[in-house]
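Look over the sequence and structure first.

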Amino acid sequence: TAKAEAMEYGSVSRGTRAMFFMLTPNESSFQKVEEVPQYVQQATPFFVGLMVLELVLGLVKTGAPVITIGDGITSLSAGMVSRLPLLLMRGCELSAYIYVWDHYRLVELPWDSAWTWWFTFLGVDFCYYWVHRFAHEVAVLWAAHQVHHSSEYYNLTTALRQSVSQQFTSWIFYLPMALAVPPSIFAVHIQLNLLYQFWIHTELIRDLGPLEWIFNTPKHHRVHHGRNLYCIDKNYGGILIIWDRLFGTFALETEKVVYGLVFPIKRFEILYVQLHYYLYLWEKSQAYKTISNKLLTFLNGPSWKPGKRRLGDHVDNPKVTGKEVPHDPSWSLALQVYVVMHFLLVLRTYHDLFENKMMLSQLTILGMTGYVLLTLTSLGFLIDQRPTSAVLELFRCAVMATLQRYNCVKPLVPSLAVPTEVSTTVA
Ligand SMILES: [Zn+2]
Ligand SMILES: [Zn+2]
């Protein structure tokens, strides 16, 4: 058991260090892609642990919860939705990368060299800078990435508010690396780069001294999430901030940052959060007469208008006063408890789905994916307090009870299964 304990301690230590890019090349270099750990999936307990820690420290420091239920659940839901495609396919980034490596590689950097590891670290972070900059400067890519910026709060849950559609374009930017870097090393760094960006989404860490020169920190990334004029299109870096300093997109945090989109969406409904901007762009393009203006609506910056420069004039945006209050409609305690309970239930189903995906048929996976989407949509309707939410939730509970009867989902606590079923039967 001493050996088991040591191994347990080793994996907890590795897991913690993976969140802060503190793994050595030695313990995170692999020969084959299949050997690469699922760092992001294994990080779930660390996400939860750090979010609870932030909530407690935030309460102590500010006397109020730094996370609200409506916004927090919407962020976590977006994170869940963004990973659903992985149930049906290998990530786009890795699939395309392996294809280019197999067919077009020019050299093979040795997988077991620390030089390769560090070169890949720099290369992935450099490519991420451009993925991210294009995601802000090209409207159709922004339609995907705006999800991450749609919270008016800034806490660790915001980090998980991810786009479902961004992964279908971001892979292109990493392909040059496939000419030389083995997929197994790329597969490590694409995950560690993403994980590093979790802890920087907090207001509790104010300044990190000399680290601020080189690294992307909470202070720098707060500016990236701001809608103040001085924050727009700044600080794109992933792990390093040097790229912004080099390419002229760096801004230091000065006046109070007001978070979120220039035009806040004020909605919690999950598919709306993910997709509304595509609809907006389509409508915007329809208003223009010429083909070129229609096309430029999608290809230029989100603030572009005919006759303006490529990125538009941000001076035209609504003025930020610093007195803005995030959208947080009041709702009854009973409804809050209900939504949190059912969110935990679907989180359990979601987790089981990823754990067991190898043993499930494609059809079952598709059906369960639909159920997860339906549930998150319905909970979003409830948080938004839409008039139709009661009908949708009643329908969803009927689906849930059916799935429980056929053992497709497990109840959070076994005894809860009975009251849920009874209440739907009575209703
Ligand atoms: Zn961004
Ligand atoms: Zn962010």
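## Overall fold

This is a predicted model. The chain holds 19 helices and zero strands. Its radius of gyration is 23 Å, close to the 22 Å that the globule rule gives for 427 residues, so the chain is as compact as a globular protein of that length.

Along the principal axes, the C-alpha atoms fill a box of roughly 65 × 65 × 50 Å.

## Burial and contacts

How many of the 427 residues count as buried? The share is 34%.

Contacts can also be sorted by separation in sequence. Take those between residues at least 6 apart in the chain. Of these, 72% join residues at least 24 apart.

## Two domains

The chain is divided in two. Domain 1 covers residues 2-247. Domain 2 covers residues 333-426. Their centres, taken over C-alpha atoms, are separated by 29 Å.

## Where the domains touch

Domain 1 puts 11 residues into the contact, and domain 2 puts in 16. Which element gives the most to the side of domain 1 that touches domain 2? Helix H4, spanning residues 69-83, does, with seven residues.

What classes of residue make up that side of domain 1? Seven are nonpolar and four are polar. No charged residues occur on the side of domain 1 that touches domain 2.

## In brief

The predicted model shows a chain with 19 helices and no strands. Domain 1 and domain 2 are in contact, and helix H4 gives the most on the domain 1 side.

Note on methods. Residues numbered from 1 in each chain as written. Chains lettered and ligands numbered in written order. Predicted model: local features only at pLDDT ≥ 70, side-chain atom pairs only at ≥ 80, totals over all residues. Domains from an automatic or database assignment. Contact = placed C-beta atoms within 7 Å. Helix = DSSP H or I, 4+ residues; strand = E, 2+ residues; numbered from the N terminus. Nonpolar A, V, L, I, M, F, W, Y, C, P; charged D, E, K, R; others polar. Rg over C-alpha atoms; globule rule 2.2 N^0.38 Å. Buried ≥ 20, exposed ≤ 12 C-beta atoms within 10 Å, placed from the backbone.
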